[in-house]
Amino acid sequence: MSKIRAAFEKGKALIAFITCGDPDLETTAAAVQAATENGAGLIELGIPFSDPTAEGPVIQESSIRALEGGITTDKVLAFVKDLRKTVTIPLVFKTYANVVFSYGAERFFAACGEAGVDGIVLPDLPFEEKEEFQDVSRKYGVELISMIAPAKRERIAKIASEAEGFVYVVPGHEKQTACGGACKGNGGSVIRDLSAITEIIRQNTDVPCAIFCESGDKGQLIEAAGVFDGVIVEETVVSLLAEYGKEAPAHVGEYVRSLKEVL
């Protein structure tokens with residue numbers, strides 16, 4: 001069993017996202033430690049990118065601040081290698097295909113393996129083009145995590161059948177639900193009901209699935225946890241770092257603890 005999948009064996013997994021270097025790497029390390037100590041089962045570490053098109057303004061602005069502060073991919077990789085001296089839970093990078101391509105896929109994934117990175121999420125990498133990175137990522141033990149959004153049944157099933165690590169479920173936005181996305185209506189042949197999407201995923205893989213969910217409402221989190229194996233929180237954590245700066249880790253820990261108690 002992979003280290004990522006093992007994180008889902010202890011109940012509903014709480015996955016927290018933190019942009020590396022916002023406001024600085026020392027604070028990032030403290031925030032990761034605080035999230036880990038308060039119940040996060042897996043940490044997504046954002047490698048800053050100049051055009052994070054899949055993100056909202058909160059994470060876009062965090063990337064800009066980190067880049068303006070001098071953060072580079074080399075610095076992030078060295079940071080994670082050092083972080084591994086104290087952090088044992090799975091660490092997953094979230095960044096963009098151009099970061100990997102410009103660095104050189106072989107060199108990038110070799111460095112990830114050496115640093116102790118367990119997986120990677122590339123929001124702008126089409127499923128049909130994942131082979132460009134998948135062979136080399138597997139070579140160095142880095143799982144390429146699939147993202148699934150409302151789509152046709154056949155596409156959901158295909159992506160799920162080839163998933164590794166965990167399935168990152170992205171809700172739609174036409175009708176708001178407890179998870180913050182579209183759960184009702186079939187949109188023609190496009191399946192938008194999150195329970196139905198999860199059922200298709202489970203029919204095609206035993207890889208756990210987690211939902212991107214920003215709401216802090218306890219009832220909504222409970223509903224999300226009733227359907228999925230884990231919950232991914234991103235913008236709220238990044239907002240705390242933007243608001244409190246170097247003092248943010250304590251607030252991040254408190255927030256993570258409050259969510260874990262619900263899950």
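Predicted model: local features only at pLDDT ≥ 70, side-chain atom pairs only at ≥ 80, totals over all residues.
Residues are numbered from 1 along each chain as its sequence is written, and side-chain values use heavy atoms, with hydrogens and water left out. Helices (H or I, at least four residues) and strands (E, at least two) are DSSP runs, numbered from the N terminus.

- As for what counts as pairing, DSSP has to find at least two bridges between two strands.
- In general, strands of a sheet pair through backbone hydrogen bonds, either parallel or antiparallel.
- Strand S2 (residues 42-46) and strand S3 (residues 91-94) run parallel and are joined by four bridges, with Ile43 opposite Leu91 in S3.
- Strand S1 (residues 13-19) pairs with S11 in the parallel sense over four bridges, and Ala16 has Val233 as its bridge partner in S11.
- Strand S10 (residues 209-212) also pairs with S11 in the parallel sense, over three bridges.
- Two S11 partners to look up here are Gly230, the bridge partner of Ala210, and Ile232, which stands opposite Phe212.
- Strand S8 (residues 167-169) runs parallel to S10 and is joined to S10 by three bridges; Val167 stands opposite Cys209 in S10.

**Which way S11 points**

- Within strand S11 (residues 230-233), Gly230 and Ile232 point one way, Val231 and Val233 point the other way, and all are buried.
- For burial, the cut-offs are under 20% relative accessible area for buried, over 50% for exposed, and partly exposed in between (1.4 Å probe, protein chains only).
- The general rule is that side chains in a regular strand alternate between the two faces of the sheet.

**Helix packing**

- Axes are lines fitted to C-alpha atoms, for helices over the stretch in contact, and the angles run from 0 to 180 degrees between N-to-C directions.
- Contact here means heavy atoms within 4.5 Å.
- Helix H11 (residues 235-244) packs on helix H12 (residues 248-262) at about 155°, with the axes 8 Å apart.
- That angle makes H11 roughly antiparallel to H12 (over 145 degrees; under 35 counts as roughly parallel, 65 to 115 as roughly perpendicular and the rest as oblique).
- On the H11 side, the contact is made by Thr236, Val237, Leu240, Leu241 and Tyr244, and on the H12 side by Ala248, His251, Val252 and Tyr255.
- Helix H6 (residues 105-115) and helix H7 (residues 131-139) pack at about 35°, and their axes are 9 Å apart.
- The H6 and H7 crossing is right-handed too, with Ala105, Glu106 and Phe109 of H6 meeting Phe133, Val136, Ser137 and Lys139 of H7.

**Around helix H2**

- A cis peptide bond, with omega about 5°, joins Asp22 and Pro23; Pro23 is found in the loop between S1 and H2.
- For context, most peptide bonds are trans.
- Thr28 belongs to helix H2 and counts as buried because its relative accessibility is 0%.
- Not counting residues up to four places away in sequence, Thr28 touches Ile18, Thr19, Cys20, Gly21, Asp22 and Phe79.
- Gln33 also has its place in helix H2 (residues 25-37), but Gln33 is partly exposed, with a relative accessible area of 23%.
- Leaving aside neighbours within four places in sequence, Gln33 is in contact with Thr86 and Val87.
- From Gln33 to Ile43 the C-alpha to C-alpha distance is 9.9 Å, and the two are 10 residues apart in sequence.

**Cysteines**

- Cys209 counts as buried because its relative accessibility is 0%, and Cys213 is also buried at 0%.
- The structure holds zero disulfides (a disulfide being a pair of cysteine sulfur atoms within 2.5 Å).

Technical notes: Left-handed = near helix turned anticlockwise from the far one by under 90°.
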